[in-house]
Amino acid sequence: MKGWKVLLIDDEEDFVMTLAERLQLRGLCTMAATDGESGLKLLPNESFDAVILDVMMPRLGGLEVLERIKAFNPQIPVIILTGRGRSEDGPRGMQLGAFDYLIKPFDIDELTQKINDAITRKVTEVSP
Amino acid sequence: MFLAKWWERLTRGFFKYDDTSASPDRYIALRRNIVILMMVVTIVPLTFMAAINHHLYQASLKNEILNPVEVLVSKTKHSFELFLEERLSTLRFIASTYSFAELSDAKTIARIFRTLKTEFGGFIDLGLFDSNGIQVSYSGPYAHFLGKDYSKQGWFEESRVRGTYISEVFMGYRELPHIAIAVQHMPEEGPNWILRATIDTDKFDMLIASMGLDSESDAFLVNRDGIFQTHSKFYGKILDRCPFPIPRGISLTVVEEAVDHRGNEIILAYAQLSKPDYTLVLVKPRSVVLKTWFTLKSEMFFIYITSVVVIILVVLKLSGVLVKSIREADEKRESAFRELEHGQKLSSIGRLAAGVAHEINNPLAIINEKAGLIKDMVEHVKDCNTARDKFLELTNSIVQTVQRCRTITHRLLGFAKRLDVKFEELSLNDIITEVLGFLEKEALYRKVKIQLNLAPALPKISSDRGQLQQVFLNILNNAFAAVDSGGQVTITTREENSETLAVSIQDNGCGMSEETLKHIFEPFFTTKKEYGTGLGLPITYGIVKKLGGDFKVQSKEGQGTNFTVFLSRHPKT
């Protein structure tokens, strides 16, 4: 898990910065963006192993960002975060190619497990 | 005491009302109107009917009662005339049968006088007078007047001029009332002579007695000067003057209502005799004559008053029951409306739930991460003192985020909480801002532009905060549902006039057809299929009306909708 590079995109700056710090404590290399546009700008410059993406964001919504990420690189696993319990955002995101989704607030271990699963599976799929 | 309590119970809610009940004035006015209307439609026709009956009965009964009086007076008048005419005829017959010489014989005149007394009665004397007024022969109690000259006396002159004479009643030497009658005979040869008789007036009294009057009635004869020619039971003795005037000059019998000299109401019936100039008068107390009418009138009045009282009682009772039923029905309807209103409010909250959940879950996620970081640091950092500042920063952030959650939950609870209608001074701009607080995230995420044109010096309005919130939330929800991503909702507040404020909510969404526009305020009409209850706008309309306001909706398909709510600054409700 150590050294994996993860991109976090969420409009709640307080949240995204704290989450990034916690993931760093768990050995991940993280970069944070507080809106979709700035997150997408980071993609060509860095090689991310996974993206953690919030659905509800102003201007460019999370699902639209997901579509663009998948268009840029379909191999990057994306884990969706949504604040709306029982909403259809998660399943809809998975239909658009997301690896999985989590409902806020979530347990950090659950997230790291999903990151681990997503990256491990990607690695398995890429080098059989 | 019992009656007072009963009356108070019967009229409760009419003159007084229970202050605790909702808008009692309306029911008092309603009951008053029902009572007035029912009384008018029942008592007025009854009064008309009673008045007509009264008039008809009065006319009919008066005729029935007064006709016999008229007939009695007419008959008695004829009896008097017949009586006097009969006496005059007798004298005429004697004068034509016997010669002056025969009648001059004392024996002959005495025999004739005896026959008259026996056959007719009432004759006091009989005398024969020559053309010079000298009494030639006489039969009766005053024989000493024989040979006396009567040529200067009035009766003698009148007898000579008119041929007959009937005197007024006078008191003779015996101090008894009597009248004198005389006829003049004009033989073919020789001078005229006069036969004169005096008649007792007892016969007059007998004729009056034969009228069969009751003890309260009176009948008498008066001459042209109003002097009694017979005794009167109540008004004076014979030859006294009648104390009240008797009309004269009417040959027919007249019956009329009058007042006697003592102020008593009387029925006066009178008829003038053809000869002599007497008037027969019948006096009956009005109360006696019209006793039957008065009895009937009293009974009719009693029935009328009883009917009116019964109508009033029934109307009061019925109106009370009716208004009570209406009031209960209104209360039930009001209660049902409030239930519906509350249900619709919950539905609105459900509509907002997703957004609110997101709003709350985001800060919760922040708290979760901050607390998690503290835990991570405690686990990973050996020297806690060096991390002290970081801990403080994190805990402060947690407290601030909790505060953010509290704001959201309070706003939600403030809206969902059921409160009784409470009028207070409110700023419409504040209410709009509060309601927009529920929708601003949705607007943000859906990229719906909210244009606020709030009048800066808008006067305050007396209204209910919760209900106004519901009204504007419903309209704004519809506006948000109508616009696509990137659409615009414009909210404008303005002072329509000194008494009315207006809030206009304009969207550039899909708009409505004219057909849809006709039905939007009908309950359960919805264009949102499974997402809509069809109660939002009907309830919004009901609330606005209840708050003393009004609605105006303009919409064009494909161009958008404009809802304008007009609110009175000082509603009467």
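Predicted model: local features only at pLDDT ≥ 70, side-chain atom pairs only at ≥ 80, totals over all residues.
Let me start with chain A. Its secondary structure comes to five helices and five strands. Along the sequence, the pattern reads β-α-β-α-β-α-β-α-β-α. Chain A has 128 residues, and 45% of them are buried. Now look at the contacts in chain A with a separation of 6 or more. Of these, 58% join residues 24 or more positions apart.

Next, strand S3 of chain A, residues 50–54. How many of its residues are buried? Five of the five, so the strand is largely enclosed by the rest of the structure. In general, side chains in a regular strand alternate between the two faces of the sheet. So which residues of S3(A) sit on which side? One side carries Ala50(A), Ile52(A) and Asp54(A). The other carries Val51(A) and Leu53(A). All of them are buried, which leaves both faces of S3(A) covered.

What pairs with S3(A)? Strand S1 of chain A, residues 5–9, does, in the parallel sense and over four bridges. In that region, Leu7(A) stands opposite Val51(A) of S3(A). Strand S4 of chain A, residues 78–82, also pairs with S3(A), again parallel and over four bridges. There, Ile52(A) stands opposite Ile79(A) in S4(A). Helix H3 of chain A covers residues 62–72. Together, S3(A), H3(A) and S4(A) make a right-handed β-α-β unit.

One more element in chain A: helix H1, residues 13–25. H1(A) has 13 residues. From first C-alpha to last, H1(A) reaches 18 Å, close to the 18 Å expected at 1.5 Å a residue. Which residues of H1(A) are buried? They are Asp14(A), Phe15(A), Val16(A), Thr18(A), Leu19(A), Ala20(A), Arg22(A) and Leu23(A). As background, an α-helix has 3.6 residues a turn, so residues three or four places apart point the same way. Keep that in mind as you read the list. After H1(A) comes Gly27(A), with a positive phi near 95°.

On to chain B. Chain B has 573 residues, and 28% of them count as buried. Chain B holds 13 helices and 17 strands. Take its contacts with a separation of 6 or more. Residues 24 or more positions apart account for 62% of those.

Here is one sheet to find in chain B. Four strands form an open sheet, in the order S7-S10-S9-S8, with antiparallel pairing. Which strands stand at the edges? Strand S7 (218–223) and strand S8 (254–259) do, each with a single partner strand, so one side of each is left without a neighbour in the sheet. On average, neighbouring strands of this sheet are turned by 30° against each other, direction ignored. Now the pair S9(B), residues 265–272, and S10(B), residues 278–285. These two pair in the antiparallel sense over seven bridges. Within that pairing, Ile267(B) stands opposite Lys284(B) in S10(B).

Two single residues next. Thr76(B) is found in helix H2 of chain B, residues 24–97. Is Thr76(B) buried or exposed? It is buried, because 21 other C-beta atoms lie within 10 Å, and the cut-off for buried is 20 or more. Beyond four places in sequence, Thr76(B) touches Leu207(B), Met211(B) and Leu280(B). Thr76(B) and Ala271(B) are 195 residues apart along the chain, yet their C-alpha atoms are separated by 9.4 Å.

Now Ile305(B), which lies in helix H8 of chain B. Ile305(B) counts as exposed because it has 11 C-beta neighbours inside 10 Å, and the cut-off for exposed is 12 or fewer. Ile305(B) and Thr47(B) are 258 residues apart in sequence. In space, C-alpha to C-alpha, they are 9.9 Å apart.

The contact takes 18 residues from chain B and 18 residues from chain A. On the chain B side, which elements give two or more residues? Helix H8 (291–380) and helix H10 (428–446) do. H8(B) gives the most to that side, with 15 residues. By class, the chain B side has eight nonpolar, seven polar and three charged residues.

Definitions and conventions
Residues numbered from 1 in each chain as written. Chains lettered and ligands numbered in written order. Expected span 1.5 Å × (residues − 1). Contact = placed C-beta atoms within 7 Å. Nonpolar A, V, L, I, M, F, W, Y, C, P; charged D, E, K, R; others polar. Pairing = 2+ DSSP bridges. Right-handed = clockwise from strand over helix to strand, strands pointing away. Axes fitted to C-alpha atoms, helices over the stretch in contact; angles between N-to-C directions.
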